[in-house]
Amino acid sequence: MDCKHAAGLASNSGPDNHIDNRYRRLLECAPDGIVEVDGAGRIVFLNSQAEQLFGYRRVDLLGKSVELLLPEKFRQHHTAHRKRYGDHPSVRPMGSGLDLRAVRADGTEFAVDINLSPFDGESGPSVICAIRDITDRRLAEKRIQELNERLEHRSRELAAINSELESRNREVEKANGLKTDFIATMSHELRTPLNAIKGFTDLLARQTAGPLTKKQERFVQHISQGSRHLLALIADLLDISKIETGRLEFRFENFPLSAAAEEVLSDLNPSAVAKQIEVETDFSADLILHADRLRLKQVLYNLLSNAIKFTPSRGRIRLAAQSDGCVARISVIDTGIGIPIEERDRIFEPFHQRLTPPDEACQGTGLGLSITRLLIEKQGGAIAVESEPGKGSCFCFTLPAARS
């Protein structure tokens, strides 16, 4: 029903015909239901919105008691409430903080907000009631309350989980500390006798105590290789434990890559010569890095020694590098046996071991590449590998170039 039509109806409804047309139209177009109740509690005016709200025709409500619009359980006490309001009329909400309910013509109840205003009616003091259906708002508020309760419950659960995680993290940190202390202690306790074994084995190998038979020489060689392998394993375990727990110190400085590479290649040259492997370098002598020199040498040693190990005799290895002024890219490229695609994702995991070439006497510790990756990452770099079985491998890593 539009405002103009509603106003026309209201103008022909008995007592309403004295209301100024302008104010009548305003009341008819109001978004809330407007009901005027006289001092005796009778309905003397209602607008179109009130008709729609309660489902009554205007003529069916005019002159009726306002209690008709209330649920039956509230009607008995409403008369007393009206009297109290009549004694102290004011502009205010009705039943502030209460769950107010109204009833439609079909008997269905719904939640309402009601605002009261005193009014000088045609036959004396009356009350203007502005009534709004808040069913949707109450449903939304209930939904919000339920969501808040669920969020609070979830927050309590998360707080409990976080508390448990913090407790477990403390336990893990304590366990890591104990592990590091244990490894450090055991490394010392194990290295002392192993160094003694290696020393005496070297003396036997030099036959300072007398000549050895061929069989004895072979046994001594196996003991020496086993001792070196165990010493390398202990050293790697200690390194990786220190790196993971942040106890390994890094001393950053500016230095030329060529100086560090030369020292490493000098140490590995005998192994390369023994397999007739050609090792070449391809980088500028003025390429300066900002890194830990000792740890870089350890990275280069691991990568180059692996390249020698996994490259067949008469192969080639190339150490190449270039810089864009901020980052240096260093590559170790070989013509070795390569790495299967399914193994590349696992090659940097601790204790992962590649298949040892037939001409290698001893398997590695399986920690070298894991330590290499951690050392590079701790210096702000990253490492990746490209390889194809039978076509060699390229290990490429980045490090910061020298700072100006």
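This is a predicted model: local features need pLDDT of at least 70, side-chain atom pairs count only at pLDDT 80 or more; totals for chains, interfaces and linings use all residues.

Q: With which residue does Glu280 form a salt bridge?

A: Side chains of opposite charge can pair when their charged atoms come close. Here Glu280 pairs with Arg318, and the closest N and O atoms are 3.9 Å apart. This pair links distant parts of the chain, since Arg318 belongs to strand S10 (residues 316-323) and Glu280 to strand S8 (residues 278-282), 38 residues apart. Arg318 counts as partly exposed, with 28% relative accessibility.

Q: How many salt bridges are found in the whole structure?

A: The search finds 23. One of them joins Arg168 to Glu164, at 2.5 Å from N to O. Both residues sit in helix H6, four residues apart, or about one turn of the helix. Arg168 is partly exposed at 48%, and Glu164 is partly exposed at 39%.

Q: How should I read the pair Glu141 and Arg138?

A: Their closest N and O atoms are 3.7 Å apart, and the two form a salt bridge. Glu141 and Arg138 are separated by about one helical turn because they are three residues apart in helix H6. Relative accessibility is 39% for Glu141 and 24% for Arg138, so each counts as partly exposed.

Q: Which residues form a nonpolar patch on the surface?

A: Leu158, Ile161 and Leu165 do, with about 240 Å² of accessible area together. Ile161 lies in helix H6 (residues 135-205) and is partly exposed, at 38% relative accessible area.

Q: What lines the second largest pocket?

A: Rolling a probe the size of a water molecule over the atoms shows where empty space is left. The second largest pocket holds about 820 Å³ of space. Its lining has 38 residues, and His78, His81, Arg82, Met94 and Leu116 lie nearest the centre. Among the elements that give two or more residues to this lining are helix H5 (72-87), strand S1 (33-38) and strand S5 (109-121). H5 gives the most, with nine residues.

Notes: Residues are numbered from 1 along each chain as its sequence is written. Side-chain values use heavy atoms; hydrogens and water are left out. Patches are made of residues with over 30% relative accessible area and no salt bridge: like charges are joined within 9 Å, nonpolar side chains (Val, Leu, Ile, Met, Phe, Trp, Tyr) within 5 Å. Accessible areas come from the Shrake-Rupley method with a 1.4 Å probe; for residues, only the protein chains shown count as cover. A salt bridge is a side-chain nitrogen of Lys or Arg within 4 Å of a carboxyl oxygen of Asp or Glu. Buried means under 20% relative accessible area, exposed over 50%, partly exposed in between (1.4 Å probe, protein chains only). On a 1 Å grid over the protein atoms alone, a cavity is a set of points where a 1.4 Å probe fits but cannot get out, and a pocket is an open set with protein on both sides within 12 Å along at least five of seven lines; lining residues have an atom within 4 Å of a point. Grid points are joined across faces, edges and corners, and a volume is the space filled by probe spheres set on the points.
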